[in-house]
Amino acid sequence: QVQLAESGGGAVQSGGSLRLSCVASQSTNSNWSMGWFRQAPGKEREGVAGIDPDSRTFYTDSVKGRFTVSRDNAKNTLYLQMNRLKTEDTAVYFCAARRYVADHLQQVEYSYWGKGTKVTVSS
C-alpha cells in the first residue's frame, strides 16, 4: 500500500500563486504515474494535471500555461505550481497515483489517493 499526503493549500487572491506538494510513503519513480485532481463545491471531480514515470506532463485545458506539475523521485514528492490563479480554481485538490496510467486526467485510472488540500481563490 502507498499513502499520499497533500499540503500547500490555502487562501489567495486572484492572480496569486500557490505550490501544492504530495508526499508518497514509498518510492514511485520506477513505474508510477501521478496526478492532481480537484473538486469544486457542487461539481464533479476533474483531472487537473498528470505526470508519467518519464516526467511527461498532461494538463486540462483550463490550467495550461498557468499550472506546472513536476516530481522529485528522490523525495517521493509530487508538486503542482499554480500561478495566475482564478476564482474558478477554488476547490479541494487531491493527488493520486497508480502504475501504468493510460489517461492521466481520468480519476478511474488511479488506485491511491490523498485526502486533499483546500485552495480558495478570491476575486
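The structure is a predicted model. The secondary structure of the protein chain consists of 11 strands and 0 helices, and reading along the sequence gives the pattern β-β-β-β-β-β-β-β-β-β-β. The radius of gyration is 13 Å, close to the 14 Å that the globule rule gives for 123 residues, so the chain is as compact as a globular protein of that length. Taken along the principal axes, the box filled by the C-alpha atoms is roughly 40 × 25 × 25 Å.

Of the 123 residues in the protein chain, 45% are buried. Among contacts with a separation of 6 or more, 58% are between residues 24 or more positions apart. The accessible surface of the chain amounts to about 6,400 Å², and carbon and sulfur atoms account for 43% of this surface.

Attention now turns to the way individual charges pair. Side chains of opposite charge can pair when their charged atoms come close. In this model the count comes to 5 salt bridges. One of them joins the side chains of Asp 52 and Arg 56, with a distance of 2.5 Å from N to O. Another salt bridge links Asp 61 with Lys 64, and here the closest N and O atoms are 3.0 Å apart. Both Asp 61 and Lys 64 are exposed.

A further salt bridge is formed by Asp 89 and Arg 66, whose closest N and O atoms are 2.7 Å apart. Asp 89 sits in the loop between strand E8 (77–82) and strand E9 (91–99), while Arg 66 sits in the loop between strand E6 (57–59) and strand E7 (67–72), so the pair ties together parts that are 23 residues apart in sequence. Asp 89 is buried, with 0% relative accessibility, and Arg 66 is buried as well, with 5% relative accessibility. Arg 66 and Asp 89 also belong to a network of salt bridges that includes Arg 38 and Glu 46.

Ala 91 lies in strand E9 and is buried, with a relative accessible area of 4%. The C-alpha atom of Ala 91 is 6.0 Å from that of Lys 118, although the two residues are 27 residues apart along the chain. Leaving out residues up to four places away in sequence, Ala 91 touches Arg 38, Gln 39, Ala 40, Thr 117, Lys 118 and Val 119. Arg 38, one of these contacts, is also a member of the salt-bridge network described above.

Tyr 93 is placed in strand E9 too, and is buried with a relative accessible area of 0%. When neighbours within four places in sequence are set aside, the contacts of Tyr 93 include Glu 6, Leu 20, Trp 36, Phe 37, Arg 38, Val 48, Phe 67, Leu 80 and Met 82, together with Gly 116, Thr 117 and Val 119. Between Tyr 93 and Gly 47, 46 residues apart in sequence, the distance from C-alpha to C-alpha is 9.7 Å.

Technical notes:
Residues numbered from 1 in each chain as written. Predicted model: local features only at pLDDT ≥ 70, side-chain atom pairs only at ≥ 80, totals over all residues. Heavy atoms only, no water. Salt bridge = Lys/Arg side-chain N within 4 Å of Asp/Glu carboxyl O. Buried < 20%, exposed > 50% of the residue type's maximum accessible area, 1.4 Å probe, protein only. Helix = DSSP H or I, 4+ residues; strand = E, 2+ residues; numbered from the N terminus. Rg over C-alpha atoms; globule rule 2.2 N^0.38 Å. Contact = heavy atoms within 4.5 Å. Areas by Shrake-Rupley, 256 points an atom, 1.4 Å probe, with all protein chains shown as cover.
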